[in-house]
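Here are my notes for a first look at this structure. Please read them with the model open beside you.

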Amino acid sequence: MSTLNYLDQLESESIYILREVAGQFERPALLFSGGKDSIVLAHLASKAFRYGKIPFTFVHIDTGHNFPEVLEFRDKLVSQIEVDLVVRKVEDTIRSRKLTEPKGKFPSRNWLQTFTLLDTIEEFEFDACIGGARRDEEKARAKERIFSVRDEFGQWDPKLQRPELWNIFNGKIHKGENVRVFPISNWTELDIWSYIQREEIELPSIYFSHEREVIDLNGQWIAHSQYATLESDDIITTKKIRYRTVGDMTCTAAVESEAITIDGVIEEIVATRISERGETRIDDRVTEAAMEDRKKGGYF
């Protein structure tokens with residue numbers, strides 16, 4: 001009988017998946033946003049390859065609308081764990097591809113990240129990209145396998161997925177294809193925070209309660225930033241908030257919170273019945289199938 005507790009079991013599974021990626025692929029990358037899930041992935045990778053260099057290039061697709069606290073943390077962490085970091089900017093893709101810059105009060109470049117990501121995969125010939133998506137976040141992510149094949153155009157077909165019986169992962173692909181890998185797919189938000197607590201993992205400050213200038217958008221608190229185009233009736237107010245998930249400043253809502261410690265955050269998570277993306281990601285609400293449509297087109 002196994003003596004591992006549930007966090008040990010999740011950790012063991014994720015480390016096994018990361019080692020499978022290292023063993024099956026020639027040019028694997030780890031997509032690193034500086035958010036809590038990718039930070040946990042980086043921690044797991046450090047454990048999986050503790051006696052050598054992490055065999056993944058870290059990649060950040062920078063929309064240009066990121067929280068400065070997260071970018072600062074990103075640079076600090078990659079320096080600490082001594083990995084190679086590739087940063088590619090959506091703004092450069094907009095210019096090179098002559099894409100249309102998003103408009104509106106809170107213009108999000110999230111939909112345009114796909115072009116930058118696919119260009120980066122082609123530039124470096126990555127055959128596997130590791131991400132921090134979890135099945136509990138959103139219904140399209142709940143459909144995804146741990147090894148999720150993308151065709152030569154970066155597209156995902158939810159009807160053409162490989163069986164993963166007994167944790168056997170098939171990474172065989174044709175030239176031009178790539179596999180998106182989700183080592184923490186079976187984790188929940190509460191699992192992530194419980195693991196962060198146990199492992200004493202450092203996070204960007206925006207995950208804990210702090211004062212910030214925000215604007216009310218249909219009952220959601222959006223950060224006041226240079227990327228927002230305010231209207232005459234918009235009111236800027238200061239609230240004590242934190243972020244459950246990290247995306248663009250223009251598409252990620254904050255939640256009012258007094259939680260300044262991990263214990264406080266865990267208490268709030270236990271009390272809520274809405275996933276972090278369901279509560280705070282505006283870009284997921286564009287259409288009923290917004291996330292799935294983006295994933296089919298190559299979004300992570």
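1. Start with the pairing of strand E4 (residues 128–130) and strand E6 (residues 178–181). The two run parallel, and three bridges join them. This is a predicted model. Cys129 has Arg180 as its bridge partner in E6. Ala128 stands opposite Val179 of E6.

2. Now take the other pairing of E6. E5 and E6 are antiparallel to each other, with four bridges between them. Ser148 stands opposite Arg180 in E6. Arg180 is also the bridge partner of Cys129. Follow the side chains of E6 as well. Asn178 and Arg180 point one way. Val179 and Val181 point the other way. Every one of these four residues is buried.

3. Which number of disulfides does the structure hold? The count is zero. Look at two of the cysteines. Cys129 has a relative accessibility of 1%, so it counts as buried. Cys251 also has a relative accessibility of 1%, and therefore counts as buried.

4. Turn to helix H1 (residues 6–24). Does its length agree with what its residue count predicts, or disagree? At 1.5 Å a residue, its 19 residues should span 27 Å. The end C-alpha atoms are 27 Å apart, so the two values agree. At the N-terminal end, Asn5 caps H1. A side-chain oxygen of Asn5 lies 3.0 Å from the backbone nitrogen of Leu7.

5. Stay with H1 and see what is hidden. The buried residues are Leu7, Leu10, Glu11, Glu13, Ser14, Ile15, Ile17, Leu18 and Val21. An α-helix has 3.6 residues a turn, so residues three or four places apart point the same way. Check that spacing against the list. The cover over the buried residues of H1 includes strand E1 (28–31), E4, E5 and E6. It also includes helix H2 (36–48) and helix H7 (189–199).

6. Lys105 deserves a look. Where is its place? Lys105 is in the loop between helix H4 (90–97) and helix H5 (113–124). Is Lys105 buried or exposed? Its relative accessible area is 18%, and buried means under 20%. Lys105 therefore counts as buried. The side chains of Lys105 and Asp234 are joined by a polar contact of 2.9 Å. Leaving aside neighbours within four places in sequence, Lys105 is in contact with Tyr227, Ala228, Thr229, Glu231 and Asp234.

7. Finish with the whole chain. The protein chain has ten helices and ten strands. Of its 300 residues, 53% are buried. Consider contacts between residues at least 6 apart in sequence: 75% of them join residues at least 24 apart.

Technical notes:
Residues numbered from 1 in each chain as written. Predicted model: local features only at pLDDT ≥ 70, side-chain atom pairs only at ≥ 80, totals over all residues. Heavy atoms only, no water. Pairing = 2+ DSSP bridges. Disulfide = S-S within 2.5 Å. Buried < 20%, exposed > 50% of the residue type's maximum accessible area, 1.4 Å probe, protein only. Expected span 1.5 Å × (residues − 1). Contact = heavy atoms within 4.5 Å. Polar contact = N/O pair within 3.5 Å; in protein donor to acceptor, adjacent residues only side chain to side chain.
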